[in-house]
Amino acid sequence: MPKDTLSITDNRTGKDYEVPIWEDTIRAMDLRQIKVNEDDFGMMSYDPAFKNTASTKSRITLVDGENGILRYRGYPIDQLAEKSNYLEVAYLLLNGELPTKKDYNQWEYDIIHHTIIHENIRQLMQNFRYDAHPMGLLISTIAALSTFYPEAPQIQDSQVRNIQIQRLIAKMPTIAAFSYRHSRGLPFNYPDNDLSYTGNFLSMMFKMTEVKYDPNPVLERALDVLFILHADHEQNCSTNAMRSIGSSNVDPYSAMAGAAAALYGPLHGGANEAVLRMLAQIGDKKNIPDFIEKVKGGEGRLMGFGHRVYKNYDPRATIIKKVAEEVFEVTGRNPLLDIATELERIALEDDYFIERKLYPNVDFYSGIIYQAMDLPVAMFPVMFAIPRTVGWLSQWQEMLQDDEQKIARPRQVYLGEDERKFVPMDKRK
Ligand code: CMC
(Lines give C-alpha, C1' and ligand atoms only; values in the text may rest on other atoms or scores of the structure.)
Protein backbone atom coordinates (compact mmCIF):
# COMPACT_ATOMS: atom_id res chain seq x y z
CA MET A 1 0.00 0.00 0.00
CA PRO A 2 1.77 3.26 -1.09
CA LYS A 3 2.13 5.90 1.61
CA ASP A 4 3.10 9.58 1.41
CA THR A 5 6.17 9.06 3.55
CA LEU A 6 9.89 8.65 3.08
CA SER A 7 11.76 5.87 4.89
CA ILE A 8 15.30 6.66 5.91
CA THR A 9 17.84 4.25 7.33
CA ASP A 10 20.78 5.78 9.17
CA ASN A 11 23.59 3.33 8.47
CA ARG A 12 25.67 4.81 11.29
CA THR A 13 23.18 3.53 13.85
CA GLY A 14 21.01 1.10 11.88
CA LYS A 15 17.92 3.09 12.97
CA ASP A 16 14.95 3.58 10.64
CA TYR A 17 12.92 6.76 10.36
CA GLU A 18 9.75 7.64 8.48
CA VAL A 19 9.08 11.23 7.53
CA PRO A 20 5.96 12.65 5.86
CA ILE A 21 6.08 13.78 2.22
CA TRP A 22 4.03 16.87 1.37
CA GLU A 23 3.92 18.26 -2.18
CA ASP A 24 7.02 16.19 -3.14
CA THR A 25 8.85 17.77 -0.24
CA ILE A 26 10.08 16.70 3.17
CA ARG A 27 10.52 19.14 6.00
CA ALA A 28 14.16 19.75 6.80
CA MET A 29 13.21 19.90 10.51
CA ASP A 30 12.03 16.26 10.27
CA LEU A 31 15.68 15.31 9.72
CA ARG A 32 16.66 16.71 13.11
CA GLN A 33 15.37 13.57 14.88
CA ILE A 34 18.14 11.58 13.15
CA LYS A 35 20.89 11.43 15.76
CA VAL A 36 23.89 9.24 16.53
CA ASN A 37 23.35 9.76 20.26
CA GLU A 38 21.24 11.92 22.56
CA ASP A 39 23.84 14.75 22.60
CA ASP A 40 23.98 14.89 18.83
CA PHE A 41 22.44 18.12 17.39
CA GLY A 42 20.61 16.07 14.76
CA MET A 43 20.86 15.89 11.01
CA MET A 44 20.60 18.94 8.75
CA SER A 45 20.44 19.27 4.99
CA TYR A 46 23.31 21.08 3.24
CA ASP A 47 22.20 23.16 0.25
CA PRO A 48 24.48 26.06 -0.72
CA ALA A 49 22.63 28.57 -2.88
CA PHE A 50 19.29 26.87 -2.10
CA LYS A 51 19.46 24.76 -5.24
CA ASN A 52 16.92 22.27 -3.94
CA THR A 53 15.33 23.95 -0.95
CA ALA A 54 11.83 25.41 -0.84
CA SER A 55 12.02 28.32 1.59
CA THR A 56 8.31 29.05 1.48
CA LYS A 57 4.86 28.04 0.31
CA SER A 58 3.58 30.53 -2.23
CA ARG A 59 0.45 31.14 -4.28
CA ILE A 60 1.79 33.95 -6.43
CA THR A 61 3.95 32.82 -9.35
CA LEU A 62 4.62 29.46 -10.94
CA VAL A 63 7.83 28.87 -12.86
CA ASP A 64 7.98 25.41 -14.44
CA GLY A 65 11.54 25.49 -15.71
CA GLU A 66 11.52 22.10 -17.42
CA ASN A 67 8.56 23.05 -19.59
CA GLY A 68 9.27 26.75 -20.03
CA ILE A 69 6.09 27.86 -18.23
CA LEU A 70 5.53 31.10 -16.29
CA ARG A 71 2.18 31.96 -14.70
CA TYR A 72 1.11 34.77 -12.36
CA ARG A 73 -1.70 33.62 -10.06
CA GLY A 74 -2.48 30.91 -12.62
CA TYR A 75 -2.60 33.18 -15.69
CA PRO A 76 -0.04 32.29 -18.41
CA ILE A 77 2.47 35.06 -19.03
CA ASP A 78 1.74 35.22 -22.77
CA GLN A 79 -1.97 35.92 -22.12
CA LEU A 80 -1.15 38.65 -19.63
CA ALA A 81 1.44 40.18 -21.98
CA GLU A 82 -1.10 40.24 -24.79
CA LYS A 83 -4.28 41.26 -22.99
CA SER A 84 -3.38 43.04 -19.77
CA ASN A 85 -1.34 46.02 -18.63
CA TYR A 86 1.28 46.42 -15.92
CA LEU A 87 -0.96 48.06 -13.32
CA GLU A 88 -3.62 45.37 -13.74
CA VAL A 89 -0.96 42.67 -13.40
CA ALA A 90 0.38 44.44 -10.31
CA TYR A 91 -3.11 44.32 -8.76
CA LEU A 92 -3.37 40.64 -9.68
CA LEU A 93 -0.03 39.76 -8.10
CA LEU A 94 -0.83 41.61 -4.89
CA ASN A 95 -4.46 40.58 -4.49
CA GLY A 96 -4.68 37.18 -6.16
CA GLU A 97 -7.48 38.10 -8.59
CA LEU A 98 -7.87 40.37 -11.61
CA PRO A 99 -9.60 43.61 -10.59
CA THR A 100 -13.18 44.51 -11.49
CA LYS A 101 -13.53 47.75 -13.47
CA LYS A 102 -14.34 49.66 -10.27
CA ASP A 103 -11.40 48.18 -8.36
CA TYR A 104 -9.05 48.84 -11.25
CA ASN A 105 -10.10 52.49 -11.52
CA GLN A 106 -9.55 53.00 -7.80
CA TRP A 107 -6.17 51.22 -7.94
CA GLU A 108 -5.01 53.29 -10.91
CA TYR A 109 -6.17 56.48 -9.18
CA ASP A 110 -4.28 55.52 -6.01
CA ILE A 111 -1.06 54.84 -7.88
CA ILE A 112 -1.29 58.00 -9.96
CA HIS A 113 -1.81 60.07 -6.82
CA HIS A 114 1.40 58.88 -5.18
CA THR A 115 3.85 59.50 -8.01
CA ILE A 116 5.33 62.73 -6.62
CA ILE A 117 8.29 62.48 -4.25
CA HIS A 118 9.05 64.80 -1.36
CA GLU A 119 11.26 67.74 -2.38
CA ASN A 120 13.86 66.66 0.21
CA ILE A 121 14.21 63.39 -1.68
CA ARG A 122 14.79 65.32 -4.88
CA GLN A 123 17.47 67.38 -3.14
CA LEU A 124 19.04 64.26 -1.73
CA MET A 125 19.28 62.78 -5.21
CA GLN A 126 20.80 65.95 -6.58
CA ASN A 127 23.63 65.65 -4.08
CA PHE A 128 24.98 62.45 -5.54
CA ARG A 129 28.16 62.63 -7.63
CA TYR A 130 27.39 64.12 -11.07
CA ASP A 131 27.94 60.81 -12.89
CA ALA A 132 26.61 58.42 -10.21
CA HIS A 133 25.37 55.08 -11.52
CA PRO A 134 21.55 55.33 -11.57
CA MET A 135 21.18 51.97 -9.84
CA GLY A 136 23.29 53.13 -6.88
CA LEU A 137 21.12 56.24 -6.72
CA LEU A 138 17.94 54.19 -6.89
CA ILE A 139 18.98 51.79 -4.14
CA SER A 140 20.01 54.62 -1.81
CA THR A 141 16.86 56.61 -2.49
CA ILE A 142 14.58 53.65 -1.81
CA ALA A 143 16.31 53.22 1.56
CA ALA A 144 16.00 56.95 2.25
CA LEU A 145 12.22 56.81 1.73
CA SER A 146 11.85 54.98 5.04
CA THR A 147 12.87 58.17 6.83
CA PHE A 148 9.94 60.03 5.24
CA TYR A 149 7.23 57.62 6.38
CA PRO A 150 7.63 57.04 10.12
CA GLU A 151 4.52 54.84 10.21
CA ALA A 152 6.05 52.36 7.71
CA PRO A 153 7.46 50.00 10.40
CA GLN A 154 3.86 49.11 11.36
CA ILE A 155 3.98 46.24 8.91
CA GLN A 156 1.27 44.16 10.61
CA ASP A 157 -1.33 46.88 10.00
CA SER A 158 -2.78 46.10 6.57
CA GLN A 159 -3.88 49.70 5.93
CA VAL A 160 -0.43 51.07 6.67
CA ARG A 161 1.10 48.29 4.59
CA ASN A 162 -1.14 49.02 1.62
CA ILE A 163 -0.25 52.67 1.53
CA GLN A 164 3.49 51.90 1.51
CA ILE A 165 2.91 49.38 -1.28
CA GLN A 166 1.09 52.03 -3.34
CA ARG A 167 3.79 54.58 -2.62
CA LEU A 168 6.58 52.27 -3.72
CA ILE A 169 4.86 51.20 -6.96
CA ALA A 170 3.97 54.83 -7.73
CA LYS A 171 7.30 56.43 -6.85
CA MET A 172 9.69 53.92 -8.38
CA PRO A 173 9.32 55.32 -11.94
CA THR A 174 9.82 58.85 -10.57
CA ILE A 175 12.98 57.93 -8.66
CA ALA A 176 14.23 55.86 -11.60
CA ALA A 177 13.73 58.74 -14.05
CA PHE A 178 15.32 61.24 -11.65
CA SER A 179 18.33 58.90 -11.31
CA TYR A 180 18.73 58.96 -15.07
CA ARG A 181 18.29 62.73 -15.38
CA HIS A 182 20.82 63.30 -12.61
CA SER A 183 23.43 61.06 -14.25
CA ARG A 184 22.95 63.09 -17.44
CA GLY A 185 23.01 66.50 -15.76
CA LEU A 186 19.46 67.16 -16.94
CA PRO A 187 16.72 68.94 -14.97
CA PHE A 188 14.20 66.62 -13.36
CA ASN A 189 10.74 66.28 -14.91
CA TYR A 190 7.86 66.02 -12.47
CA PRO A 191 5.20 63.32 -13.01
CA ASP A 192 2.40 63.99 -15.49
CA ASN A 193 -0.65 62.25 -14.08
CA ASP A 194 -2.60 62.53 -17.34
CA LEU A 195 -0.36 59.84 -18.79
CA SER A 196 -0.31 56.08 -18.31
CA TYR A 197 2.16 54.44 -15.91
CA THR A 198 4.70 53.84 -18.67
CA GLY A 199 3.78 57.00 -20.63
CA ASN A 200 4.46 59.08 -17.53
CA PHE A 201 7.78 57.30 -17.04
CA LEU A 202 8.82 58.09 -20.63
CA SER A 203 7.79 61.70 -20.05
CA MET A 204 9.88 61.98 -16.86
CA MET A 205 12.81 60.40 -18.72
CA PHE A 206 12.77 62.20 -22.04
CA LYS A 207 10.73 65.45 -21.90
CA MET A 208 12.93 68.37 -22.82
CA THR A 209 11.49 71.82 -23.59
CA GLU A 210 8.05 70.78 -24.84
CA VAL A 211 5.14 71.77 -22.60
CA LYS A 212 3.62 68.31 -22.70
CA TYR A 213 5.35 65.08 -23.63
CA ASP A 214 3.53 62.86 -26.10
CA PRO A 215 4.74 59.28 -25.66
CA ASN A 216 4.93 57.08 -28.74
CA PRO A 217 2.09 54.55 -28.22
CA VAL A 218 4.18 51.64 -29.58
CA LEU A 219 7.02 52.33 -27.15
CA GLU A 220 4.59 52.99 -24.30
CA ARG A 221 2.94 49.61 -24.89
CA ALA A 222 6.28 47.82 -25.43
CA LEU A 223 7.48 49.11 -22.08
CA ASP A 224 4.24 47.99 -20.48
CA VAL A 225 4.79 44.45 -21.84
CA LEU A 226 8.40 44.45 -20.63
CA PHE A 227 7.17 45.54 -17.20
CA ILE A 228 4.61 42.69 -17.16
CA LEU A 229 7.34 40.17 -18.04
CA HIS A 230 9.59 41.39 -15.23
CA ALA A 231 6.91 41.80 -12.55
CA ASP A 232 7.63 38.63 -10.59
CA HIS A 233 9.63 35.44 -10.83
CA GLU A 234 9.03 33.52 -7.60
CA GLN A 235 12.00 32.94 -5.27
CA ASN A 236 14.80 34.56 -7.29
CA CYS A 237 17.86 36.13 -5.66
CA SER A 238 16.37 39.59 -5.03
CA THR A 239 12.99 38.25 -3.91
CA ASN A 240 14.77 35.94 -1.53
CA ALA A 241 16.62 39.01 -0.24
CA MET A 242 13.31 40.88 0.15
CA ARG A 243 11.81 38.03 2.13
CA SER A 244 14.94 37.46 4.15
CA ILE A 245 15.40 41.13 5.13
CA GLY A 246 11.65 41.56 5.59
CA SER A 247 11.59 38.56 7.94
CA SER A 248 13.34 40.76 10.52
CA ASN A 249 10.13 42.87 10.43
CA VAL A 250 11.94 45.92 9.11
CA ASP A 251 9.90 48.48 7.10
CA PRO A 252 9.33 47.73 3.38
CA TYR A 253 11.58 50.56 2.13
CA SER A 254 14.63 49.18 3.94
CA ALA A 255 13.82 45.65 2.82
CA MET A 256 13.31 46.76 -0.76
CA ALA A 257 16.60 48.66 -0.86
CA GLY A 258 18.25 45.33 -0.07
CA ALA A 259 16.25 43.53 -2.73
CA ALA A 260 17.20 46.16 -5.32
CA ALA A 261 20.86 45.78 -4.31
CA ALA A 262 20.62 42.04 -4.94
CA LEU A 263 19.09 42.76 -8.34
CA TYR A 264 22.04 44.97 -9.28
CA GLY A 265 24.49 42.06 -9.60
CA PRO A 266 25.53 40.91 -13.10
CA LEU A 267 24.25 37.38 -12.46
CA HIS A 268 20.75 38.74 -11.81
CA GLY A 269 19.22 42.04 -12.96
CA GLY A 270 22.57 43.40 -14.05
CA ALA A 271 22.68 40.70 -16.73
CA ASN A 272 21.01 42.81 -19.44
CA GLU A 273 23.67 45.47 -18.91
CA ALA A 274 26.32 42.73 -19.14
CA VAL A 275 24.72 41.40 -22.36
CA LEU A 276 25.06 44.76 -24.08
CA ARG A 277 28.67 45.13 -22.98
CA MET A 278 29.33 41.60 -24.24
CA LEU A 279 27.69 42.26 -27.63
CA ALA A 280 29.65 45.49 -27.99
CA GLN A 281 32.85 43.63 -27.10
CA ILE A 282 32.13 40.95 -29.75
CA GLY A 283 31.61 43.82 -32.17
CA ASP A 284 31.09 41.76 -35.31
CA LYS A 285 29.40 38.49 -36.30
CA LYS A 286 32.73 37.12 -37.51
CA ASN A 287 34.11 37.24 -33.95
CA ILE A 288 31.32 35.06 -32.50
CA PRO A 289 32.96 31.60 -32.93
CA ASP A 290 36.10 32.80 -31.13
CA PHE A 291 34.02 34.29 -28.35
CA ILE A 292 32.03 31.06 -27.90
CA GLU A 293 35.25 29.04 -27.70
CA LYS A 294 36.53 31.35 -24.95
CA VAL A 295 33.29 30.92 -22.96
CA LYS A 296 33.53 27.15 -23.35
CA GLY A 297 37.12 27.33 -22.16
CA GLY A 298 35.94 29.00 -18.96
CA GLU A 299 36.77 32.61 -19.89
CA GLY A 300 33.59 34.34 -18.77
CA ARG A 301 29.99 33.44 -19.47
CA LEU A 302 27.60 33.95 -22.31
CA MET A 303 25.56 36.64 -20.59
CA GLY A 304 21.79 36.41 -21.05
CA PHE A 305 22.06 32.65 -21.33
CA GLY A 306 21.19 30.05 -18.72
CA HIS A 307 18.90 30.15 -15.74
CA ARG A 308 18.76 28.43 -12.38
CA VAL A 309 15.20 27.29 -13.01
CA TYR A 310 14.56 27.33 -16.78
CA LYS A 311 16.13 24.35 -18.46
CA ASN A 312 14.14 25.13 -21.58
CA TYR A 313 13.49 28.35 -23.53
CA ASP A 314 12.58 31.17 -21.13
CA PRO A 315 8.95 32.00 -22.13
CA ARG A 316 9.69 35.68 -21.49
CA ALA A 317 12.46 35.61 -24.10
CA THR A 318 9.98 34.45 -26.77
CA ILE A 319 7.63 37.36 -26.04
CA ILE A 320 10.50 39.85 -25.86
CA LYS A 321 11.73 38.88 -29.32
CA LYS A 322 8.32 39.91 -30.72
CA VAL A 323 8.35 43.17 -28.76
CA ALA A 324 11.82 43.89 -30.18
CA GLU A 325 10.50 43.76 -33.74
CA GLU A 326 7.66 46.19 -32.88
CA VAL A 327 10.05 48.61 -31.21
CA PHE A 328 12.53 48.50 -34.09
CA GLU A 329 9.71 49.48 -36.50
CA VAL A 330 9.67 52.81 -34.63
CA THR A 331 13.28 53.28 -33.57
CA GLY A 332 15.12 51.60 -36.42
CA ARG A 333 16.99 48.33 -36.05
CA ASN A 334 19.59 48.04 -33.31
CA PRO A 335 22.70 46.69 -35.09
CA LEU A 336 23.51 44.60 -32.01
CA LEU A 337 20.39 42.53 -32.74
CA ASP A 338 22.14 40.83 -35.66
CA ILE A 339 25.06 39.85 -33.44
CA ALA A 340 22.62 38.63 -30.76
CA THR A 341 20.56 36.48 -33.15
CA GLU A 342 23.65 34.94 -34.67
CA LEU A 343 25.12 34.31 -31.22
CA GLU A 344 21.89 32.62 -30.17
CA ARG A 345 21.82 30.49 -33.34
CA ILE A 346 25.40 29.29 -32.89
CA ALA A 347 25.03 28.68 -29.14
CA LEU A 348 21.81 26.69 -29.54
CA GLU A 349 23.58 24.32 -31.95
CA ASP A 350 26.63 23.85 -29.73
CA ASP A 351 26.91 20.72 -27.56
CA TYR A 352 28.32 22.70 -24.61
CA PHE A 353 25.11 24.75 -24.35
CA ILE A 354 22.79 21.88 -25.33
CA GLU A 355 24.19 19.51 -22.68
CA ARG A 356 23.92 22.16 -19.96
CA LYS A 357 20.44 23.20 -21.12
CA LEU A 358 21.50 26.82 -21.57
CA TYR A 359 18.91 28.87 -23.45
CA PRO A 360 18.48 32.63 -23.86
CA ASN A 361 16.84 34.18 -20.81
CA VAL A 362 14.73 37.34 -20.50
CA ASP A 363 17.82 39.54 -20.40
CA PHE A 364 19.30 38.42 -23.68
CA TYR A 365 16.99 40.70 -25.67
CA SER A 366 15.65 43.22 -23.16
CA GLY A 367 18.84 45.31 -23.22
CA ILE A 368 18.77 45.58 -27.01
CA ILE A 369 15.23 46.95 -26.81
CA TYR A 370 16.10 49.41 -24.06
CA GLN A 371 19.07 50.63 -26.03
CA ALA A 372 16.89 51.17 -29.11
CA MET A 373 14.59 53.25 -26.88
CA ASP A 374 17.58 55.49 -26.10
CA LEU A 375 18.10 54.23 -22.58
CA PRO A 376 21.75 54.14 -21.55
CA VAL A 377 23.14 50.77 -20.50
CA ALA A 378 23.49 51.89 -16.88
CA MET A 379 19.69 52.28 -16.73
CA PHE A 380 19.00 48.63 -17.60
CA PRO A 381 19.00 47.21 -14.07
CA VAL A 382 16.82 50.17 -13.05
CA MET A 383 14.38 49.16 -15.80
CA PHE A 384 14.20 45.73 -14.17
CA ALA A 385 13.76 47.12 -10.65
CA ILE A 386 10.72 49.30 -11.50
CA PRO A 387 8.40 46.43 -12.45
CA ARG A 388 9.94 43.91 -10.02
CA THR A 389 8.81 46.21 -7.20
CA VAL A 390 5.37 44.64 -7.22
CA GLY A 391 6.83 41.13 -7.17
CA TRP A 392 8.98 41.98 -4.16
CA LEU A 393 6.03 43.56 -2.36
CA SER A 394 3.60 40.73 -3.15
CA GLN A 395 6.07 38.16 -1.86
CA TRP A 396 6.85 40.27 1.21
CA GLN A 397 3.15 40.62 1.99
CA GLU A 398 2.60 36.90 1.53
CA MET A 399 5.47 36.20 3.93
CA LEU A 400 4.00 38.50 6.58
CA GLN A 401 0.66 36.66 6.33
CA ASP A 402 2.24 33.21 6.58
CA ASP A 403 2.11 31.93 10.16
CA GLU A 404 4.93 29.48 9.52
CA GLN A 405 7.47 32.17 8.58
CA LYS A 406 9.95 33.40 11.14
CA ILE A 407 13.13 35.45 10.93
CA ALA A 408 15.27 33.87 8.20
CA ARG A 409 18.30 32.33 9.79
CA PRO A 410 20.02 29.45 7.99
CA ARG A 411 22.33 26.97 9.66
CA GLN A 412 25.93 26.25 8.68
CA VAL A 413 28.33 23.34 8.68
CA TYR A 414 31.28 24.71 10.69
CA LEU A 415 34.63 23.54 9.36
CA GLY A 416 36.88 26.07 11.14
CA GLU A 417 39.39 25.73 13.95
CA ASP A 418 38.47 24.01 17.17
CA GLU A 419 38.86 26.04 20.39
CA ARG A 420 42.40 27.45 20.81
CA LYS A 421 44.17 29.87 23.14
CA PHE A 422 44.73 33.52 22.23
CA VAL A 423 48.37 34.19 21.30
CA PRO A 424 49.80 37.65 22.21
CA MET A 425 51.15 39.55 19.19
CA ASP A 426 54.83 39.29 20.20
CA LYS A 427 54.52 35.48 20.39
CA ARG A 428 52.94 35.02 16.95
CA LYS A 429 54.97 33.54 14.11
N1 CMC B 1 27.58 30.76 -20.17
C2 CMC B 1 28.42 29.69 -20.16
N3 CMC B 1 28.29 28.66 -19.33
C4 CMC B 1 27.29 28.71 -18.43
C5 CMC B 1 26.38 29.78 -18.38
C6 CMC B 1 26.56 30.83 -19.30
N7 CMC B 1 25.73 31.88 -19.30
N8 CMC B 1 25.48 29.57 -17.39
C9 CMC B 1 25.82 28.40 -16.84
N10 CMC B 1 26.90 27.88 -17.48
C11 CMC B 1 27.55 26.58 -17.23
C12 CMC B 1 28.40 26.62 -15.97
O13 CMC B 1 29.73 26.97 -16.26
C14 CMC B 1 28.28 25.20 -15.50
O15 CMC B 1 29.11 24.39 -16.30
P16 CMC B 1 29.91 23.15 -15.64
O17 CMC B 1 28.86 22.18 -15.22
O18 CMC B 1 30.80 22.68 -16.71
O19 CMC B 1 30.66 23.72 -14.48
C20 CMC B 1 26.83 24.82 -15.84
O21 CMC B 1 26.50 25.65 -16.97
C22 CMC B 1 25.84 25.08 -14.72
O23 CMC B 1 26.01 26.42 -14.29
P24 CMC B 1 25.69 26.94 -12.82
O25 CMC B 1 26.56 28.13 -12.57
O26 CMC B 1 25.78 25.79 -11.87
O27 CMC B 1 24.19 27.34 -12.97
P28 CMC B 1 23.39 28.25 -11.97
O29 CMC B 1 22.01 27.71 -11.94
O30 CMC B 1 24.10 28.40 -10.67
O31 CMC B 1 23.45 29.69 -12.67
C32 CMC B 1 22.88 31.65 -13.84
C33 CMC B 1 22.37 30.33 -13.25
C34 CMC B 1 21.72 32.45 -14.39
C35 CMC B 1 23.52 32.47 -12.70
C36 CMC B 1 23.91 31.32 -14.92
O37 CMC B 1 23.32 30.57 -15.96
C38 CMC B 1 24.58 32.58 -15.48
O39 CMC B 1 25.57 33.04 -14.90
N40 CMC B 1 24.06 33.14 -16.61
C41 CMC B 1 24.61 34.36 -17.15
C42 CMC B 1 24.03 35.54 -16.38
C43 CMC B 1 22.58 35.81 -16.74
O44 CMC B 1 22.21 35.84 -17.89
N45 CMC B 1 21.77 36.05 -15.69
C46 CMC B 1 20.37 36.43 -15.86
C47 CMC B 1 19.42 35.39 -15.34
S48 CMC B 1 17.75 35.69 -15.91
C49 CMC B 1 17.28 37.14 -15.14
C50 CMC B 1 17.16 37.02 -13.69
O51 CMC B 1 16.31 36.26 -13.18
O52 CMC B 1 17.90 37.71 -12.99
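Start with the cavity: the structure holds one of 30 Å³ or more. On a 1 Å grid over the protein atoms alone, a cavity is a set of points where a 1.4 Å probe fits but cannot get out. You're looking at a predicted model, where local features need pLDDT of at least 70, side-chain atom pairs count only at pLDDT 80 or more, and totals for chains, interfaces and linings use all residues. Residues are numbered from 1 along each chain as its sequence is written, and side-chain values use heavy atoms, with hydrogens and water left out.

To see the largest cavity, select Gly306, His307, Tyr310, Asn312, Asp314, Lys357, Leu358, Tyr359, Pro360 and Asn361, which line it. Lining residues have an atom within 4 Å of a point. The volume is about 40 Å³, taken as the space filled by probe spheres set on the points, with grid points joined across faces, edges and corners. By class, the lining has four nonpolar, four polar and two charged residues. Here Ala, Val, Leu, Ile, Met, Phe, Trp, Tyr, Cys and Pro count as nonpolar, Asp, Glu, Lys and Arg as charged, and the others, Gly among them, as polar.

Next, pick Phe305 and Phe364. The structure holds 15 aromatic pairs (rings of Phe, Tyr and Trp, its six-membered ring, with centres within 6.5 Å; planes under 30 degrees apart are stacked, over 60 edge-to-face, the rest tilted). With centres 5.2 Å apart and planes at 85 degrees, the rings of Phe305 and Phe364 make an edge-to-face pair. Phe305 is in the loop between helix H12 (288–296) and helix H13 (315–331), and Phe364 is in helix H16 (residues 362–372), so the pair ties together parts 59 residues apart in sequence. Helices are DSSP runs (H or I, at least four residues), numbered from the N terminus. Both Phe305 and Phe364 are buried (under 20% relative accessible area; exposed is over 50%, partly exposed in between; 1.4 Å probe, protein chains only).

Tyr352 is partly exposed at 21% relative accessible area, while Phe353 is buried at 2%. Bring in Tyr365 too: Phe305, Tyr352, Phe353, Phe364 and Tyr365 form one aromatic cluster.

Last stop: helix H7 (residues 197–206). How many of its ten residues are buried? Nine are, so colour them in: Tyr197, Thr198, Gly199, Asn200, Phe201, Leu202, Ser203, Met204 and Met205.

Conventions: 1 Å grid on protein atoms, 1.4 Å probe; cavity = no way out; pocket = protein on both sides within 12 Å on 5 of 7 lines; lining within 4 Å. Helix = DSSP H or I, 4+ residues; strand = E, 2+ residues; numbered from the N terminus.
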